[in-house]
Structures are given as C-alpha cells and as structure tokens.
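Let's walk through this structure together, starting with the contacts along the chain and ending with its aromatic rings.

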Amino acid sequence: MKGLVINIFLVGPMGAGKSTIGRLLSTELDLPFYDSDKVIEERAGANIPWIFDVEGEVGFRERETQAIADLTAQDNIILATGGGAVLKPENRKYLSERGSVIYLKTSVELQIERTRRDKNRPLLQTEDPTRVLQKLMDIRDPLYMDVCDHVVTTDKRNPKLVVSEICRVLDI
C-alpha cells in the first residue's frame with residue numbers, strides 16, 4: 001500500500017448519505033474525511049443558507065469550486081461533495097482526474113424522507129420539495145453518471161454495507 005494514493009470522492013443528491021458514508025469510509029480506511037459544504041462554511045464563517053441569502057447560488061458555487069480544487073489537490077482523502085458540485089465542468093474535471101468518484105444513488109422518495117426536517121438546505125425551502133428534488137435529479141443525474149467511476153445505490157441499505165461495496169468495487 002506504500003506509495004499508493006487513495007482519493008475517494010462521493011457525489012450524489014442531497015440525502016444520498018454522502019457525509020455518513022464518507023465518515024464511515026474514513027474510519028474503515030484510516031484516511032481523513034472532508035465534507036465540501038462544511039469546508040465552505042468554515043472558510044466563510046457562515047452557514048450555507050446565509051451564503052445563499054447574501055451571495056446567491058452563484059457566490060456559493062464559486063466558493064464550492066475553490067474548496068473542491070483545494071481538497072482534491074490533496075492525497076489520500078475521502079471527500080463528500082455537495083449535491084450540486086457536479087454542475088460546474090471544472091469541478092467534474094477536478095473530481096474525475098484526481099481520484100475515484102463514487103455516485104451514491106438514491107430515489108427522490110428517500111431524499112424527501114431524509115431531508116424533510118433539514119432547514120440547512122436552501123433549495124428545499126419551498127412549497128413542493130418533491131418537485132424541486134425531481135427537477136434537480138433530472139438535471140444532475142446525467143452529470144453524476146458522467147463523472148463517476150462507480151454507482152452505488154444507498155436506498156434502504158445499511159451504511160456499513162455501502163462502505164463494504166465501495167471498498168469491493170475499488171478493490172481496497
């Protein structure tokens with residue numbers, strides 16, 4: 001294992017389990033874990049809803065691209081990205097060129113179940129979050145598929161089983 005670089009980047013929609021799976025992978029592989037949304041909040045000194053309110057989605061996406069550029073430049077890390085990170089071509093380039101990308105796929109129904117009480121998701125503060133999530137999935141799913149090396153479904157699965165599957169498909 002000496003000299004081998006292991007970078008695992010998790011992409012997928014909100015509520016797919018990227019942060020949960022990332023933390024478990026980090027423990028399993030003894031590698032540092034980063035959540036790009038948390039890094040953005042730490043750097044900004046503010047939470048994501050505040051960034052969206054003050055800078056709009058454009059400002060947030062600029063911060064996200066800088067965070068992803070910096071984080072993916074490191075070696076031997078686990079990174080959970082925000083659901084919209086794949087929207088910018090440069091983010092997809094950083095992710096695909098600098099590590100193994102795992103698309104954690106989940107259904108819109110499970111996204112609703114997992115995110116319904118989370119007030120830290122600006123895009124879901126709407127009358128019809130199901131419609132919003134379906135629209136986001138329609139736009140983003142092809143981008144997740146384009147950037148990923150492997151697809152792992154998380155619907156109704158124990159996170160430890162998902163981690164085992166990721167390790168198996170990456171042969172680590």
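Among contacts (heavy atoms within 4.5 Å) between residues at least 6 apart in sequence, 74% join residues at least 24 apart. Keep in mind that this is a predicted model, where local features need pLDDT of at least 70, side-chain atom pairs count only at pLDDT 80 or more, and totals for chains, interfaces and linings use all residues. Residues are numbered from 1 along each chain as its sequence is written, and side-chain values use heavy atoms, with hydrogens and water left out.

The chain has 7 helices and 5 strands, taken as DSSP runs (H or I, at least four residues, for helices; E, at least two, for strands) and numbered from the N terminus. Starting at that end, the order is β-α-β-α-α-β-α-β-α-α-β-α. Of the 172 residues, 46% are buried, meaning under 20% relative accessible area with a 1.4 Å probe, protein chains only.

Now for the rings: how many aromatic pairs does the structure hold? There are 2, counting rings of Phe, Tyr and Trp (its six-membered ring) with centres within 6.5 Å; planes under 30 degrees apart are stacked, over 60 edge-to-face, and the rest tilted. Phenylalanine 52 and phenylalanine 60 form a tilted pair, 5.1 Å centre to centre with 35° between the planes. Phenylalanine 52 is buried at 16% relative accessible area, and phenylalanine 60 is buried at 4%.

Tyrosine 103 and tyrosine 144 make a tilted pair too, at 4.8 Å and 40°. This pair links distant parts of the chain, 41 residues apart: tyrosine 103 sits in strand β4 (residues 100-105) and tyrosine 144 in helix α6 (residues 129-147). Both tyrosine 103 and tyrosine 144 are buried.

Key:
Buried < 20%, exposed > 50% of the residue type's maximum accessible area, 1.4 Å probe, protein only.
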